[in-house]
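Thanks, everyone. Let me put the model up, and then I'll walk through a few places in it.

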Amino acid sequence: MNSPRHTLVHLLTRAIRRYLVGPEQRWVFKRPSQDWRPPPVKRTSLYLHVPFCRHFCPYCPYTKVPYDKSLLEPYTRAATAELDWWAERIGPAEVTSIYIGGGTPTLALDSVAAILKRMRERFHLTGDICIETNPADVNAETVKRLQDMEVALVSLGVESFQQSNLTTIGRGYPSVVAEQALALLAKSGFASVNVDLMFALPGQTTGDVTTDLAHAVALGADQLTTYPLFTFPYTSVGKYLKLKEVRMPDLRMRHEHYKAINLWCGDHGYERVSVWGFKRGAAPRYSSVTRDGYIGIGPGAGSHLPDGFVLNTFDLPSYVRAACAGLSTTALRMPFMNEMSGWWWLYWRFYDTRIPLSNLDEILGEDALKARHLLRFIQKAGLAFQQGGQLNLTQAGAFWLHLVQNYFALNYVNTLWTQSRREPWPQAVPV
């Protein structure tokens with residue numbers, strides 16, 4: 001059952017959304033028409049979704065299927081065919097970054113290599129390749145394969161170095177495996193190694209959290225991405241995943257841990273580069289989400305286009321059949337209405353904790369005044385301060401404003417994901 005604080009944040013989130021987009025506006029994903037074509041794109045990023053996992057973490061909502069070697073070849077054919085579909089419709093766009101996620105991408109490195117080869121043939125890559133990794137899959141051979149594919153940025157999903165926490169969240173490897181994986185990645189010459197760590201886990205103390213941070217730093221992490229256990233247990237996604245022991249943490253503990261993380265990182269030379277991310281030195285920032293435009297390849301992958309969002313079918317067999325037949329794998333589309341693209345841009349600037357002020361009129365158009373009122377309120381509430389031409393979130397602002405974002409995103413993900421799991425090709429999903 002939700003606490004009064006969680007209920008208050010939920011109501012506040014609804015109020016903000018009504019203020020920004022109006023009481024009657026609904027964001028609706030619909031099945032695109034047969035003749036739908038994406039707009040021309042000159043410059044974008046690319047996301048590759050690899051859905052295979054040997055072990056399903058009970059808190060993860062993303063599209064995944066049990067690893068089966070026989071599925072790799074049809075998946076690879078489908079993903080390369082989907083790349084061709086996009087290239088034929090948007091032209092040889094410049095790709096400024098590639099993000100490879102999952103699932104567990106390191107279970108399918110032959111597939112990843114083949115898909116990257118086709119991407120280089122059809123598009124013009126000018127940026128870095130980033131990939132997610134699992135500690136149990138990192139060894140010398142994995143590192144060599146990633147280097148051969150010219151992967152520059154690697155993220156290791158450690159979650160915790162403490163065995164009790166790994167057991168709680170269903171991670172199926174001993175903590176020493178995570179230690180060995182991070183040490184190997186850190187000495188292998190990647191431009192940046194990010195470590196994902198979870199906080200506010202059941203039974204986890206503030207001391208446990210800072211101990212994990214210190215351990216990651218000692219083993220060579222360039223960036224620390226810390227995030228709490230999200231509220232999927234209270235959603236239909238949570239029911240789908242059959243979550244039992246894992247529950248949303250008390251808000252007070254979540255706040256206490258977040259404050260400790262900020263203080264510890266500041267004291268040890270790590271600057272905040274997003275709501276949950278902290279980086280040191282000149283290593284490039286690792287981020288999975290803050291790309292203003294991208295094309296998604298793979299089942300369940302989304303694309304952010306100049307005229308809206310599209311989402312692929314979640315169902316792997318349906319995805320393979322459509323792609324290999326030369327058809328669109330897009331199951332749902334939400335076109336941008338009015339200033340929606342501008343609000344989406346502002347949403348992710350909050351995630352960055354830095355909001356540029358000089359181009360609000362250009363990006364938000366008629367809604368720029370409404371955005372300025374919101375930003376002024378946030379500043380007067382002590383959640384942000386102006387420095388030069390941008391508004392910077394304070395520690396309190398980063399926590400509370402992202403908590404509101406969290407509720408918005410979870411509602412969005414829960415609604416969209418639930419329907420997309422039920423039907424390969426839904427007709428409409430209001431979010």
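Predicted model: local features only at pLDDT ≥ 70, side-chain atom pairs only at ≥ 80, totals over all residues.

Start with Asn312. It sits in strand β14, residues 308-312. Is Asn312 buried or exposed? Its relative accessible area is 2%, and buried means under 20%, so Asn312 counts as buried. What does its side chain do? A polar contact of 3.0 Å links the side chains of Asn312 and Thr329. Beyond its neighbours within four places in sequence, Asn312 also contacts several other residues, including Glu82, Gly296, Tyr319 and Ala331.

Now the strands. Look at β18, residues 390-393. Strand β16, residues 354-356, runs antiparallel to β18, with three bridges between them. Strand β17, residues 384-387, also pairs with β18 in the antiparallel sense, over four bridges. Find Asn392 in β18. Arg354 has Asn392 as its bridge partner. Phe385 has Asn392 as its bridge partner too. β17 and β18 form a hairpin with two residues between the strands. There, Gly388 takes a positive phi near 65°.

Last, the helices. How do α11 and α13 pack? Helix α11 covers residues 340-352, and helix α13 covers 368-380. Their axes are 12 Å apart, at an angle of about 20°. Angles under 35 degrees count as roughly parallel, so α11 is roughly parallel to α13. The crossing is right-handed. Which residues meet there? From α11, Trp343, Leu346 and Phe350; from α13, Lys370, Ala371, Leu375 and Ile378.

That's my tour. Over to you.

Definitions and conventions. Residues numbered from 1 in each chain as written. Heavy atoms only, no water. Buried < 20%, exposed > 50% of the residue type's maximum accessible area, 1.4 Å probe, protein only. Polar contact = N/O pair within 3.5 Å; in protein donor to acceptor, adjacent residues only side chain to side chain. Contact = heavy atoms within 4.5 Å. Pairing = 2+ DSSP bridges. Axes fitted to C-alpha atoms, helices over the stretch in contact; angles between N-to-C directions. Parallel < 35°, antiparallel > 145°, perpendicular 65-115°, else oblique. Left-handed = near helix turned anticlockwise from the far one by under 90°.
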